[in-house]
Amino acid sequence: MTVVNQPVIETVRLSKSYRTGFRMKRVQALSELNLQVEQGEIFGFLGPNGAGKTTTIKILIGLAQPSSGFATVLGRAPRDPRVKRRVGFLPESPYFYEYLTAVEFLALTAQLSGVSRSEIPGRVRQMLKLVRMEHAAHQQMRGFSRGMLQRIGIAQALIHDPEVVILDEPMGGLDPIGRKEFRDIIVSLREQGKTVFFSTHILADVEMICDRVGIIVGGKMVEIGRLSEILTGEVESIEITLQGVSGKFRKGLERIAQRSIESGDLLLLTVKSEEDVERVLAIAREAQAKVRSIIPRSLTLEEFFMARVKSAGRNGGV
Amino acid sequence: MLNRIWGIAFNTFRESVRDRVLAALIVIAILVMASAKVIQPVALGEAEKIIKDLGLSAITLFCVLIAILVGGRIVYREVEKRTIYLLLARPVRRYEFIIGKYCGMMLVLGVSLVLMTAGFYLVLLLTGVKPEPRLLWAVLMTGFELAILTAVAVLFSTFVTPIASAVFTFVVYFIGHSTQLLRQLAAISPAPIVKFIGMFLYYVLPNLNNFNIRGDVVHNAPLNPLAMVLSIAYALVYTFTLLLIAIFVFNRRDF
């Protein structure tokens, strides 16, 4: 007998359009978006501003309805309260009830999530400890910095111990230490068997913690897969650093290189192939220049991301 | 369900209590009632009625202001500040949210009514006017008028800005106290369209004059219990209908 594992999050040909502005112009925010997120993985949802990340998340949370296609979370419609009980959500740039203290706010969110009355104080304490906010537990949130609000935001998302956590730009407003702590929290969620779906445009975070990524541009999914599949590790270019190249040889070298940068008496050349390396080295020998380094470079996520965004733009995706 | 509605209602109440606008309105209302002390020496024997009338009118006026100013923004503000995301991402149904908001607002108005009424009876004691329990009937009817008005404010608040909601609710309040004029206008106008609009508004808008028994209470006129019971039933049905419309509108919204 085969066991079919249903994806924790799934969208099928998900589209969303809405009318905006005085002339009620129709805007296509999402276009036939397909994605699947499996249980226990950290899925990074990447895209430039305005690509449709937040719209997708709003549909997954049940705050908006798709125009066509459908989305399921834990096998059911996102608006189903049985689903919401098992999902935690952190919105982008969260704004909370500033007249409440951190404890009052977390107790309210726990109550609304169905945490039993007797468990609420313990859960609130546990969450404040997790996000290192015990010192501000009884302060009204009106005085909180953006980073503090972000910490309370993750605490309220986890207060009911959800199986699925959906985070919209969770690293926004955090300093490097805060980002490191957040990454640790996200990784610990995976260790507990939870599924994490988070949107971001900070690529370093994705490279460090994500199992799989999806890249969305102009409302369309342009790439989805494991990072190791997307970034194959193949050598994309070779960087050669030469020292002491005189003027008359420089022109010849620059013709071979894709890119050249001069810094003092150093010349950094980027070439495409092994043959180009040989040609550069031959000229360097003739010019009696010193070879400081030859470094093969594979594609970074940033370069891959930029290339995909650009090509989607050329194809009318942006 | 009740637990979630109570959570939202209590939070709405807490928000209003921690907002200075509410406290300011209650204090001003009590000061207005107390100003009757100034009128007393020049009232030529009518002081008792003036003090009672002024007190009851101040309670109604300031509670209506609270319903319009605070009630008109309670849903919109959650949407504008995006706190609604945090609530609706939880197992909170949209109707629970609307009912919770409405109940929270009624809790605010209930507490305001109690505080203002206590202030009113204190003023009566200080000015030597007999604090008759019969005056409370007028306060009770004001409570049911506020139930309708708050439902109007919540309904508008689900789809227009707080300022527009306040203006529209005030217009409903104003016309709601002039529905007899609409009927008369429809009766005397020769134009069929005016007749139609006049009668349409007469039937659709709430007849808030039903809830004004201040004159009868102050002048010791006999009260009509049947009319009062019917008015209360009318308020409950009208409020229920408005909240159903508000839930219908809110259910279809994207955020």
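A:Glu169 sits in the loop of chain A between β6 (164-168) and α6 (176-191). The model is predicted.

**Positive phi angles**

- A:Glu169 is not a glycine, yet its phi is positive, at about 50 degrees.
- Is A:Glu169 buried or exposed? A:Glu169 has a relative accessible area of 8%. Buried means under 20%, so A:Glu169 is buried.
- A:Leu74 is not a glycine either, and its phi is positive, at about 50 degrees.
- Where is A:Leu74? Its place is the loop that links β4 to α2 (81-84) in chain A.
- A:Leu74 has 19% relative accessibility, so it counts as buried under the 20% cut-off.

**Strands of chain A**

- Strand β1 (residues 9-20) of chain A runs antiparallel to strand β4 (residues 68-73) of chain A, and five bridges join them.
- β1(A) also runs antiparallel to strand β2 (residues 25-37) of chain A, with nine bridges between them.
- What stands opposite A:Thr11? In β4(A), the residue is A:Ala71. In β2(A), A:Thr11 faces A:Leu35.
- In a regular strand, side chains alternate between the two faces of the sheet.
- β1(A) and β2(A) form a hairpin with four residues between the strands. In this hairpin, A:Gly21 has a positive phi near 80 degrees.

**Cysteines**

- How many disulfides are there over all chains? The search of the whole structure finds zero.
- B:Cys103 is in no disulfide. The nearest cysteine sulfur belongs to B:Cys63 and is 17 Å away. A disulfide needs the two sulfur atoms within 2.5 Å.
- B:Cys103 is partly exposed, at 33% relative accessible area.
- A:Cys210 counts as buried, with 9% relative accessibility.

**Where chain B meets chain A**

- Chain B gives 27 residues to the contact, and chain A gives 33 residues.
- The size of an interface is often given as the accessible area lost when the parts come together.
- Here chain B and chain A bury about 2900 Å² between them. Of this area, 52% is on carbon and sulfur atoms.
- Two salt bridges cross the interface of chain B and chain A.
- One of them joins B:Arg18 to A:Glu104. The closest N and O atoms of B:Arg18 and A:Glu104 are 2.9 Å apart.
- The interface of chain B and chain A also has 17 residue pairs in polar contact, both residues at pLDDT 80 or more.
- On the side of chain B that touches chain A, α1 (2-17) and α6 (83-88) of chain B each supply at least two residues.
- Which element gives the largest share of that side? α1(B) does, with eight residues.

Key. Residues are numbered from 1 along each chain as its sequence is written. Chains are lettered from A and ligands numbered from 1 in the order in which they are written. This is a predicted model: local features need pLDDT of at least 70, side-chain atom pairs count only at pLDDT 80 or more; totals for chains, interfaces and linings use all residues. Side-chain values use heavy atoms; hydrogens and water are left out. Two strands pair if DSSP finds at least two bridges between them. Buried means under 20% relative accessible area, exposed over 50%, partly exposed in between (1.4 Å probe, protein chains only). Contact means heavy atoms within 4.5 Å. Buried area is the accessible area (1.4 Å probe) that two parts lose on being put together, summed over both. A salt bridge is a side-chain nitrogen of Lys or Arg within 4 Å of a carboxyl oxygen of Asp or Glu. A polar contact is a pair of N or O atoms within 3.5 Å; within protein, one must be able to donate a hydrogen and the other to accept it, and residues adjacent in sequence count only if both atoms are side-chain atoms.
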